[in-house]
Amino acid sequence: MVNINFTYNKATSASAVQQFAPAVAAAQQDLKNGTGLGNDFLGWLTLPADIRPQLADIQLTAKMLREECEKIVCIGIGGSYLGAKAINEALSNAFAESQILYAGQNIGEDYLYELQEYLKDKKFGIISISKSGTTTEPALAFRLLKTQLEQQEGKDAAHRHIICITDAKKGALRTLATKEGLKTYVIEDNIGGRFSVLSPVGLLPIACAGFDINALIDGAERMMNLCATAEFEQNPAALYAAARNVLYQEEGKKIELLVNFNPKLHFIAEWWKQLYGESEGKDHKGIFPASVDFTTDLHSMGQYIQDGERHLFETVISVMKPNHEVIFPHDTENLDGLNFLAGKRVDEVNKMAELGTQIAHVDGGVPNLKIEMPELNEFYLGQLIYFFEIACGISGYLLKVNPFNQPGVEAYKKNMFALLDKPGYEAESKAIKARL
Ligand code: PA5
């Protein structure tokens, strides 16, 4: 198999999915021609081709940071963090100490204290990522860590190891980077945060972790070409968008569980939840994206999924071939009774768990969509990313929402700024404090 594969036959019928084909075709045209909602945020559509000229420079910067810094702290939140974290976790050895650390994705004082303590006396670099350049969480972490780095290394050496990824002209991060002469990469205006993993936002931290960004982009470009040319029945993104809307709009399935049987995919699900939640959850509509790691969560959420309220469907990401082989040993005494598994690969046990779970959940009324990845590597992850992005654009249009804005994210920020007496929020401050 050269591409990831999508199937829906354990969830719904071909005729039900086919009913959405005209609406899917219209959505595809709107994306292609820029005639749909949010059409000023479609730069991600051709990013796998457009980003090629920047790859060599990104790799050079990554090489410098890898060679000169013991640790590299990626600062960012939401779309400015999750994509890189997802790919790096998917490709990393689970037990090897990572050169990459993350900050700015929370405001936990203990988290930041412990990070600063850990970085004391270490040579470290910073990648500060914020499209707006004004998001509080990363801005706060950046000031703390930049100050620490300057104190530890002196300004000149510190500034060599600080890279900023932000808007070309606007925002506090751009102003600071220009004033201090820091190296920068641009997030194009027409690429929203959650669609930015194939831009420098994702590619620099992925390259810094030592992974092959060329192969990632190769995979994404292959999926881009497939999704742009394939007929409905052969187009995985079109089918996924249609199938999940059959389940949501016609069968009342309000929650989609992204399921994996490989713990390395945990953060792929976190990235996917942001992509779909922030894109579709608006106008009081949208499938609620949730995720589980199996078989781990079969021992916590399995009961609900099997027997609880029937408002769920599952989308399973199945990795067909593990990267390593572990054969289960024979034991002469067989005290644990597991000799029936002797000589089998651990993955065979996992695959039977996967199949057994699929049958049980389908029998229990949980439709099951499936995405098969031949292997877990950069190439297929690149395909997976583009597949989910384009399907998200189509699906948002099927739902008749603007998939590319996020007005709801502002509400908490306004309240927080008012409560913290940020200049410019005087009226809101008075109003919110009167409610306390
Ligand atoms: O998808 C989005 O636009 C958001 O999740 C942003 O990525 C997130 O809020 C971070 O924004 P910024 O990159 O402006 O700091």
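Guide: Begin with a term: a helix here is a DSSP run of H or I with at least four residues, and helices are numbered from the N terminus. Keep in mind that this is a predicted model. By that count the chain has 18 helices, along with 10 strands.

Visitor: How do I read the sides of a helix?

Guide: An α-helix has 3.6 residues a turn, so residues three or four places apart point the same way. In α17, which covers residues 410-419, the buried residues are Lys413, Met416, Phe417 and Ala418.

Visitor: Which helices do the buried residues of α17 pack against?

Guide: They pack against α7 (136-153) and α18 (426-434).

Visitor: Is Leu420 buried or exposed?

Guide: Compare its relative accessibility with the cut-off: exposed means over 50%. Leu420 has 61%, so it counts as exposed. Leu420 sits in the loop that lies between α17 and α18.

Visitor: How should I read the interior?

Guide: Look for buried nonpolar residues joined through their side chains. The largest such core has 101 residues, and the members touching the most others are Leu381, Leu384, Phe387 and Phe388. Helix α16 (residues 378-398) contributes the most to this core, giving 13 residues. At least three residues of the core come from each of domain 1 (5-36 + 215-405) and domain 2 (43-211).

Visitor: What is Leu381 in contact with, leaving aside its neighbours within four places in sequence?

Guide: Its contacts include Ile87, Ala90, Leu91 and Leu216, and also Ile268, Met373 and Leu376. A second, separate core has 19 residues, among them Ile126, Leu145, Ala158 and Leu173.

Visitor: How do I judge the chain as a whole?

Guide: Set its radius of gyration against that of a compact globule. For 436 residues the globule value would be near 22 Å; the chain has 23 Å, which agrees. Its C-alpha atoms fill a box of roughly 60 × 60 × 50 Å along the principal axes. Of the 436 residues, 51% count as buried. The accessible surface is about 20,000 Å², and carbon and sulfur atoms hold 54% of that surface.

Visitor: What share of the contacts with a separation of 6 or more comes from residues 24 or more positions apart?

Guide: Such residues account for 77% of those contacts.

Key:
Residues are numbered from 1 along each chain as its sequence is written. This is a predicted model: local features need pLDDT of at least 70, side-chain atom pairs count only at pLDDT 80 or more; totals for chains, interfaces and linings use all residues. Side-chain values use heavy atoms; hydrogens and water are left out. Buried means under 20% relative accessible area, exposed over 50%, partly exposed in between (1.4 Å probe, protein chains only). Helices (H or I, at least four residues) and strands (E, at least two) are DSSP runs, numbered from the N terminus. Contact means heavy atoms within 4.5 Å. A nonpolar core is a set of buried Ala, Val, Leu, Ile, Met, Phe, Trp, Tyr and Cys residues joined through side-chain atoms within 4.5 Å. Domain bounds come from an automatic or database domain assignment. The radius of gyration is taken over C-alpha atoms; the globule rule is 2.2 Å times the number of residues to the power 0.38. Accessible areas come from the Shrake-Rupley method with a 1.4 Å probe; for residues, only the protein chains shown count as cover.
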